[in-house]
Amino acid sequence: YAGCAPCRAEAPDLVDINRSFIGKKVQFVGVNVRDSAATALAFDRNFDITWPSIIDAKSGSVLLAFTGLVTPQAVPTTLVIDKEGRVAARVLGRIDASILKAMIQRVVDEK
């Protein structure tokens, strides 16, 4: 969310990683659990984020969908979901770009 310092710090890395996987059957999706739609869209414009985002601040439905599996407990939380819809990895807090890229590549390479 816009007021989250780690979210702001990792946004440029996420943009770069997303670009590196274009055409490789990888889809980034953002979930904003704090901001209004207008604030979230301003964040996206500021950091050149082009992937879809879900505004979950009022309903909490995305967080509820993961309850019991890997409930996101910090902002930011990064989930890598495999081809079968299973959570392949979870990172709480700011993620190192090289680690995220390796986690995504491992899922992409799965047969």
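Q: Let's start with Asp82: buried or exposed?
A: Asp82 is buried, with a relative accessible area of 10%. Buried means under 20% relative accessible area, exposed means over 50%, and partly exposed is in between (1.4 Å probe, protein chains only). Before we go on, this is a predicted model, where local features need pLDDT of at least 70, side-chain atom pairs count only at pLDDT 80 or more, and totals for chains, interfaces and linings use all residues. Residues are numbered from 1 along each chain as its sequence is written, and side-chain values use heavy atoms, with hydrogens and water left out.

Q: Good to know. Which side chain does Asp82 meet in a salt bridge?
A: That would be Arg86, at 2.8 Å from N to O. A salt bridge here is a side-chain nitrogen of Lys or Arg within 4 Å of a carboxyl oxygen of Asp or Glu.

Q: How many salt bridges does a search of the whole structure find?
A: Three. One of them joins the side chains of Asp13 and Arg94, 3.7 Å from N to O. That pair links distant parts of the chain, since Asp13 is in helix α1 and Arg94 is in the loop between β4 and α4, 81 residues apart. Helices (H or I, at least four residues) and strands (E, at least two) are DSSP runs, numbered from the N terminus.

Q: How accessible are Asp13 and Arg94?
A: Asp13 is partly exposed at 25% relative accessible area, and Arg94 counts as partly exposed at 48%.

Q: And what does Arg19 pair with?
A: The side chain of Arg19 meets that of Asp48 in a salt bridge, 2.4 Å from N to O. Asp48 sits in the loop between α2 and β2 while Arg19 belongs to helix α1, so the pair ties together parts that are 29 residues apart in sequence. Asp48 is partly exposed, with a relative accessible area of 42%, and Arg19 is partly exposed too, at 44%.

Q: What about phi of Asp48?
A: Phi of Asp48 is near 60 degrees, a positive value in a residue other than glycine. As background, most residues other than glycine have a negative phi, and most peptide bonds are trans. Lys25 also has a positive phi, of about 55 degrees, although it is not a glycine.

Q: Where does Lys25 lie?
A: In the loop between α1 and β1. Lys25 is exposed, with a relative accessible area of 87%.

Q: Switching to the inside: how many residues does the largest nonpolar core have?
A: It has 19, and those with the most contacts inside it are Val80, Leu100, Met103 and Ile104. At least two core residues come from each of α1 (5-20), α2 (37-47), β4 (87-92) and α4 (97-109). A nonpolar core means a set of buried Ala, Val, Leu, Ile, Met, Phe, Trp, Tyr and Cys residues joined through side-chain atoms within 4.5 Å.

Q: What does Val80 touch?
A: Leaving out residues up to four places away in sequence, Val80 touches Arg86, Val87, Ala88, Ala89, Leu100, Met103, Ile104 and Val107. A contact means heavy atoms within 4.5 Å.
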